[in-house]
Amino acid sequence: FLLLILSRLITGVMSGNVAVANAAVADTTTPETRARSMAVVGMAFGLGFILGPAIGGLAFTYLPRLDHGWLLELGFNPFSAPALIALILAFGNWWWAWARFPETLAPERRTMAGNERSANPLRLFSSTLGRQVPTINLIFLLHTLLFAGVESMLVFLVAQSLNFTPATTGLMLGGMGFIAAFMQGGVFRRLAPIHGSWPLVLAGFIALVPGFACLALVEWTGSQWLLYPGVVFMAVGTGLIFPGLSTMASLAGDPQRQGHVMGSFRSAGAFGRALGPLLAALVYFSWRPAGPFVVGAIGVLLPAVLMFRLRALRKKPRPAPTG
């Protein structure tokens with residue numbers, strides 16, 4: 001268990017690369033093309049969530065087990081084969097970034113922001129980030145806290161209430177990733193330049209309410225048919241929220257400090273992802289399995305209401321005049 005905790009700590013430390021990716025997109029795009037580009041990044045995440053759980057579930061089911069003989073003495077376990085595949089993919093990803101990822105911020109656009117570094121999480125909501133950025137960070141924190149909590153407990157719910165195997169659970173999560181990728185690359189990418197990010201993010205929060213509610217009813221009724229609309233609404237909601245809030249944070253921040261702004265944005269999400277599973281597990285195991293999903297369905301209304309504080313970001317960016 002200590003090794004598991006250590007691996008998760010290392011993974012958390014290395015997750016800063018996500019903020020770098022978002023900042024690189026912001027550096028290399030204009031306000032008019034920002035939403036589409038953020039949608040492509042989100043679609044890449046969605047594709048990862050399609051392939052990752054599917055590969056993990058299928059590898060667990062069909063690859064040879066490594067937890068026997070001298071390998072067992074070294075600490076290998078039933079999930080070591082999927083972990084080795086992840087290790088190979090991570091190494092290939094590191095090599096690709098080292099060889100192919102250039103610096104995206106021109107020297108003349110860089111600022112010295114070293115004196116603004118702080119371990120204080122309250123700095124994520126500082127007005128120095130930009131007038132609207134603190135509200136966006138708070139909304140993203142609440143969304144990630146609720147979504148990560150529900151997502152982590154979903155694995156327990158389907159195993160306990162529907163007797164899902166690891167392979168079935170992996171396929172379910174892969175299906176969610178497919179829908180999220182479609183929403184980001186196929187829907188948000190087309191609609192954001194026309195309608196702006198604000199209404200799409202609000203629609204995403206509205207979609208999460210029936211999604212979480214359906215999943216709560218799975219435990220009460222034991223019906224697998226309620227699982228399907230639940231995970232579909234969840235995937236649709238986050239498929240609109242993630243690229244939308246990323247775009248809004250980027251547009252609301254100083255163009256010369258995109259790394260700082262997007263770093264604070266992703267840190268807010270990481271803070272929510274750390275707290276969400278802990279709080280959801282407390283509700284799940286101390287009350288009942290439907291508890292986290294009920295809390296999610298009600299709690300998601302708060303970031304939806306906070307969206308109305310971002311009225312200045314409702315309209316999509318207008319193209320700059322030419323000539």
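The model is a predicted one, in which local features need pLDDT of at least 70 and side-chain atom pairs count only at pLDDT 80 or more, while totals for chains, interfaces and linings use all residues. Residues are numbered from 1 along each chain as its sequence is written, and side-chain values use heavy atoms, with hydrogens and water left out.

A place to begin is the interior. A nonpolar core is a set of buried Ala, Val, Leu, Ile, Met, Phe, Trp, Tyr and Cys residues joined through side-chain atoms within 4.5 Å, where buried means under 20% relative accessible area, exposed means over 50%, and partly exposed lies in between (1.4 Å probe, protein chains only). The largest such core has 59 residues, and those that touch the most other members are Leu 154, Phe 205, Leu 227, Leu 245 and Met 307. Helix α6, residues 133-162, gives the most to this core, with 15 residues; helices here are DSSP runs (H or I, at least four residues), numbered from the N terminus. Leaving aside neighbours within four places in sequence, Leu 245 is in contact with Ile 136, Ile 139, Phe 140, Val 201, Phe 265 and Met 307, contact meaning heavy atoms within 4.5 Å. A second, separate core consists of ten residues, among them Ala 39, Ala 192, Leu 200 and Val 236.

Charged side chains come next. A salt bridge is a side-chain nitrogen of Lys or Arg within 4 Å of a carboxyl oxygen of Asp or Glu, and by this rule the count is three. In one of them Glu 151 meets Arg 273, at 3.6 Å from N to O, and this pair links distant parts of the chain, since Glu 151 belongs to helix α6 and Arg 273 to helix α10 (residues 258-286), 122 residues apart. Glu 151 is buried, with a relative accessible area of 18%, whereas Arg 273 is partly exposed at 41%. Glu 219 forms another salt bridge with Arg 288, the closest N and O atoms being 3.1 Å apart; here Glu 219 sits in helix α8 (residues 197-221) and Arg 288 in the loop between α10 and α11 (291-299), 69 residues apart.

Thr 29 counts as buried because its relative accessibility is 16%. The side chain of Thr 29 reaches the backbone oxygen of Val 25 at 2.8 Å.

In helix α11, the buried residues are Gly 291, Pro 292, Phe 293, Gly 296 and Ala 297, and they pack against α6, α8, α10 and α12 (301-306).

The aromatic rings complete the tour. Rings of Phe, Tyr and Trp (its six-membered ring) pair if their centres lie within 6.5 Å, with planes under 30 degrees apart counting as stacked, over 60 as edge-to-face and the rest as tilted. A search of the whole structure finds eleven aromatic pairs. Phe 60 and Phe 79 are stacked because their ring centres are 4.7 Å apart and their planes stand at 15 degrees. Phe 60 lies in helix α3 and Phe 79 in the loop between α4 (69-73) and α5 (80-100), so the pair ties together parts that are 19 residues apart in sequence. Trp 225 and Tyr 228 form an edge-to-face pair, 5.6 Å centre to centre with 75 degrees between the planes.

Definitions and conventions:
Helix = DSSP H or I, 4+ residues; strand = E, 2+ residues; numbered from the N terminus. Polar contact = N/O pair within 3.5 Å; in protein donor to acceptor, adjacent residues only side chain to side chain.
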